[in-house]
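Thanks for coming. I have a few minutes on one structure, so please look at the screen and follow along.

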Amino acid sequence: MSDLLPFTRLDHFAATKQPGDAALQVITPQDFAAARTEICQWPGYKPTPLISLASLATRIGVGAVLYKDEGPRFGLGSFKALGGSYAALRVLQREISARLGHEVKLADIRKGKYRAEAAKVTLVSATDGNHGRSLAWGCQRFGAPCRIYIHAEVSAGRAAAMRDLGAEVIRIDGDYDASVLFAKQDAAENGWFVVSDTSWQGYSEPPRDVMAGYGVMVQEICDELKQPPSHVFLQGGVGGLAAGVAAGLRQHWGAQAPRVVIVEPALAACLIASGRAGRSTNFAIKEETLMAGLSCGEPSPMAWQILSEEAADFLTIPDSLVAPSVRLLARPLPGDPSVEAGESAVAGLAALIAACADPALAQQLGLASDSRVLLIGSEGVTDPEIFGRIMAGSDVA
Ligand SMILES: Cc1ncc(COP(=O)(O)O)c(C=O)c1O
């Protein structure tokens, strides 16, 4: 039991996992390996820290809490740096190869050999911040024009971060899903290329590359751990992070892979709705969650293919847990290191603490004193103004 966060009963759905091998087929070991080979050569590449929160683990009654801190990733603030930028490079590879009539190498595009060709390939995407920042960063490095569509609620700070990387940022009325539609339509009308982290019928290569890029993070975790975690709590937006990590862990640890627990904001809970329905299902967002990166009403079908087989449990958390969790990480229990994290990063942590404070739920999730729980701290302080307000005591963005 713990009194670290206000007591909250979480919505829980225990899934009946579909049998299958999507974790090996949707993103193959070769897809992960190709992404790793490329990304690990980028300037500034360095594994991010895997932090043990031992005092917290003791306090909530589990054996270990391991927090993969993606804040320092390539100086971009989130794990998304691994996905959009790699997918951008792969789109450029396919398009430049087609235009020149021969296969060009990723490394040659990266080194600027095809800069003139890249300058003619405009890449676009919708984003709630972090994916767009990754894409803008990739376009800047590879020499391609970049257009980013953001919805009404994306903070000014996150928009500015993308403009600073040379992207043209277009703010539309409506929510995230509306911005995805807008990006698609504009691209179709202008001959631009969408680099999305979510798939749809007939569109699968960029989202697969995005998830393959996330595999770098998984490899780093597996390299550090001698034994598999018992659980991994994965926060979900469209599900790409969760699916990429779940597939990577399954490929690495096989039957010993950790139990996958999906965590979403109650305000944007399309994955738990899909779990309950037994198929990919949309969720009508009525109010924007503070967890901007998780504010998605429509699962990525490719991600759902993996999660329908890999996810054992789905949880939702109320926004009221977010700010106290950010503060708890930054001002930790004695003995634990301080971590500065953004609002979407703490969803897994918040759900774990709340679940451990509810004995019935902890039991349903198989959480016990020997559990070793992996959390993905998916972003650092991606919006300093919001972080400042939270640290000053505010519980709303
Ligand atoms: C910080 C952060 N965490 C988690 C996610 C969720 O990722 P996905 O949409 O792939 O589920 C996002 C997505 O933007 C994010 O920015």
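Helix α9, residues 176–190, gives the most to the lining of the second largest pocket, with 5 residues. Before going on: this is a predicted model. The second largest pocket has 14 lining residues, and its volume is about 190 Å³. Which residues lie nearest its centre? They are Val180, Lys184, Thr198, Ser199 and Glu298.

Now the sheets. One of them is open and has 4 strands, in the order β6-β5-β4-β7, with parallel pairing. β6, residues 168–171, and β7, residues 193–194, each have a single partner strand, so one side of each is left without a neighbour in the sheet. Strand β5, residues 146–150, is joined to β6 by 4 bridges, in the parallel sense. Tyr149 has Ile170, in β6, as its bridge partner. Helix α8, residues 156–163, lies across β4, β5 and β6, and runs at about 150° to β6.

There is also an open sheet of 7 strands. Going across, the order is β1-β10-β9-β8-β11-β3-β2, and the pairing is mixed. At the edges are β1, residues 11–14, and β2, residues 50–52, each pairing on one side only. From one strand to the next, the twist averages 20°. In general, strands of a sheet pair through backbone hydrogen bonds, either parallel or antiparallel.

Leu50 stands opposite Lys68 in β3. Turning to β1, helix α12, residues 270–277, runs at about 40° to it. That helix lies across β1 and also across β9, residues 259–265, and β10, residues 311–317.

My last item is helix α11, residues 240–253. Among the buried ones are Leu241, Val245, Leu249 and Trp253. Several glycines and alanines of α11 are buried as well, including Gly240, Gly244, Gly248, Ala242 and Ala246. After the helix comes Gly254, with a positive phi near 55°.

That is the tour.

Definitions and conventions:
Residues numbered from 1 in each chain as written. Predicted model: local features only at pLDDT ≥ 70, side-chain atom pairs only at ≥ 80, totals over all residues. Heavy atoms only, no water. Pairing = 2+ DSSP bridges. Helix = DSSP H or I, 4+ residues; strand = E, 2+ residues; numbered from the N terminus. Axes fitted to C-alpha atoms, helices over the stretch in contact; angles between N-to-C directions. Contact = heavy atoms within 4.5 Å. Buried < 20%, exposed > 50% of the residue type's maximum accessible area, 1.4 Å probe, protein only. 1 Å grid on protein atoms, 1.4 Å probe; cavity = no way out; pocket = protein on both sides within 12 Å on 5 of 7 lines; lining within 4 Å. Points joined across faces, edges and corners; volume = space filled by probe spheres on them.
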